There are 2 protein chains.
Amino acid sequence: MASRRQAARFLLQCKLRPQLASRRSLSTFTSSTSSSSPWARYAGFAAFGLIASVPLTYAMAVTEPLSMDSLSLADRDEQQKKNEGVSEASPMRLRMEKFIKEQQDHIVKALEELDGAKFRKDEWQRKEGGGGITCCLQDGNVFEKAGVGVSVVYGTLPKPAILKMSANHKNIAPNGEVPDSLEFFAAGLSLIVHPKNPMAPTVHLNYRYFETAKPDGSSGAWWFGGGSDLTPSYLFDEDAIQFHRDLKDVCDKHNKDYYPKFKKWCDEYFYNKHRGECRGIGGIFFDDIDETVSDKENTFAFIQDGLKSFIPTYVPIVLKRKGMPFTEAEKEWQQIRRGKYVEFNLVHDRGTSFGLNTPGARVESILMSMPLTASWRYMHEPQPGSREARLVEVLQNPKEWV
Amino acid sequence: MASRRQAARFLLQCKLRPQLASRRSLSTFTSSTSSSSPWARYAGFAAFGLIASVPLTYAMAVTEPLSMDSLSLADRDEQQKKNEGVSEASPMRLRMEKFIKEQQDHIVKALEELDGAKFRKDEWQRKEGGGGITCCLQDGNVFEKAGVGVSVVYGTLPKPAILKMSANHKNIAPNGEVPDSLEFFAAGLSLIVHPKNPMAPTVHLNYRYFETAKPDGSSGAWWFGGGSDLTPSYLFDEDAIQFHRDLKDVCDKHNKDYYPKFKKWCDEYFYNKHRGECRGIGGIFFDDIDETVSDKENTFAFIQDGLKSFIPTYVPIVLKRKGMPFTEAEKEWQQIRRGKYVEFNLVHDRGTSFGLNTPGARVESILMSMPLTASWRYMHEPQPGSREARLVEVLQNPKEWV
């Protein structure tokens, strides 16, 4: 096996066009998928729904006389990046990867400028394919913690995962034939920012792309997901309105149905069920945007606009709030709200919990979302009529902000 | 239905012997069990395994001409307590309830004496039957947070839960006939104590009893579970040895096999899988002690000894550590360890997560286990050779302490 892989690597070095190389039989991938990435499982649970109608011709592996080890999707993409770079003609995988890495740099720079402190940057590889870049700023001047992470994952879905996905994505298993395994690609940018000042809200954002590969390496099923939501400890209506208006503007530019649908989805997803309240004042959340909703180009344009709107939407809010005076009691209230944020992330968030339950996951990247500090006070109740009570009331009864 | 219940209540007031009253058809309970308590679900997931061999004659409901509302197990027990009090001849349900409530008082008094501050005491009722007493001391002199809770739950297991349990407890469904529903009783005492001083360890303890009812109200399947474990931020070997020795002494008095078996079970259960380390330095954890292991009387005696040993085991450790000097960095390390405690409780602990996912649960009683404060620092690693590093090494490789 090792020598077969060496041969394949050699072919790579010889700049053999990946499309000409034979594929390793998909069934040989199965064993490695027991440790499928949190991303894959997240995608499997949180990021599917609608399906693409591209047929997957599963058993199309080309047999070569030498029975040489085939090139994986990751190998082919790596090859293509080296040989041709990434352009608008490249596969969406490469374009999405390039875009989110650029945005990560851009966001990190903007937040560093605002804070004055620097992010720590960790690049990591995933044994099974792909890797990521985790950027974290901790105990800064403005931010208690800010994490901006990019993951690019190549992997193989095992049959049970395909079976699960095929319930909502019929053409992952065309004609009802479920393959033993299927190569996939997943890439996303996630960020969470917890400011120090209790008047400045926490924000979360995630944009992601998922696709499965046809045996020839072209994309099979694909979909985008994403969104952004705001979690204040103290509610300033003007901030909530501005945040939602900016998101609505981005949505409306692409589809007038998006904002109302994704706003509702957000309120439903970021719901701390056991507390009977939303995590924050919402924003947008969506998944499964595929060709049954819009075409790939236009959806990518929407994703790009959404992600690009983050800095111009969030930074003005922080600028207004970061210097406001606050009391010790207000800081304490922020800490209690942080505790509920932790509860959502560890109990209800599908991405986090599947990640943590996946062997070999990079736990520090997943838990970068945790606040630096949090508190739990038994039976803490805000005073009736207080600002704290008003926040809770809004969290229990999500408002229409625009 | 309301008037039928009134009739039953009236009969109760008339001191009708519960055994003479007819039972409400079990099938009428099914709808109310969709909100079965976290305790019931916990018992269903974490507290079963072996089974009692008492046959359950499920369809034995007595039909009365008036079709009067029957008395539930809770009604009967309430009646019996009023009429006869609780003695050694009473059903185990009543004896266990009495015992854990006495112990709760005893433990609360002992911790108050040590701390100087008082516990807040909340009594609560469970709509579906039973209730509890939650005692919490917060931000005291010695303890950051101490919670001692008793729950006594009467409820009805729906068919899917019985089916699930019957995999390990065959005589919950004798002859393979799974009833549509089954009354159950569950009672337990849980406590968690988080001291302020980082040199003093957090401790957790839980002892519980579960049984299902035969149609005549006598007990069907039954089992005990419990244990106690210690979570230091700074490891003092002498404390770990003393804690384990005390638990071993209690175990050995009843069965020489208990300690090694339950010590191992504890290391396995309180394992923060995603961190690859145990929550703390362990103790004992067990479940499913029923008549296939020991008889009910002897098992209750073991449970009593275990619970009674808590104060004499833990208090001396706190007395030694509560006044020790510590640095800011050591306090910070404690906060990081607290974060991992939160992770275990919210991600892996079956009792907590089923509780939180159960509608109508008393969330504040479940999350009383949370520390007052916790912290998450991205990529925090203890210095090689430090006391912090030694703790982590022991958490990764559980030791035999006695």
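These legends accompany several close-up views of a predicted model.

**View 1. Chain A at a glance.** Let's start with the parts list: chain A holds 13 helices and ten strands. Of its 402 residues, 52% are buried. If you look at contacts in chain A with a separation of 6 or more, 76% of them join residues 24 or more positions apart.

**View 2. The seven-stranded open sheet of chain A.** Follow the strands across in the order E1-E2-E3-E4-E5-E6-E9, and you will find antiparallel pairing. Strands E1 (120-125) and E9 (282-289) of chain A stand at the edges; each has a single partner strand, so one side of each lacks a neighbour in the sheet. From one strand to the next, the twist averages 10°.

**View 3. Strands E3 and E4 of chain A, paired side by side.** Here E3 (residues 143-158) and E4 (residues 181-195) of chain A run antiparallel, joined over 15 bridges. To get your bearings, find A:Thr156, which stands opposite A:Glu183 in E4(A).

**View 4. Helix H8 of chain A on the sheet.** Which strands does helix H8 touch? This helix (residues 296-308) packs against E4, E5 (202-213), E6 (219-231) and E9 of chain A. The direction of H8 makes about 25° with that of E6(A).

Technical notes. Residues numbered from 1 in each chain as written. Chains lettered and ligands numbered in written order. Predicted model: local features only at pLDDT ≥ 70, side-chain atom pairs only at ≥ 80, totals over all residues. Pairing = 2+ DSSP bridges. Helix = DSSP H or I, 4+ residues; strand = E, 2+ residues; numbered from the N terminus. Axes fitted to C-alpha atoms, helices over the stretch in contact; angles between N-to-C directions. Contact = placed C-beta atoms within 7 Å. Buried ≥ 20, exposed ≤ 12 C-beta atoms within 10 Å, placed from the backbone.
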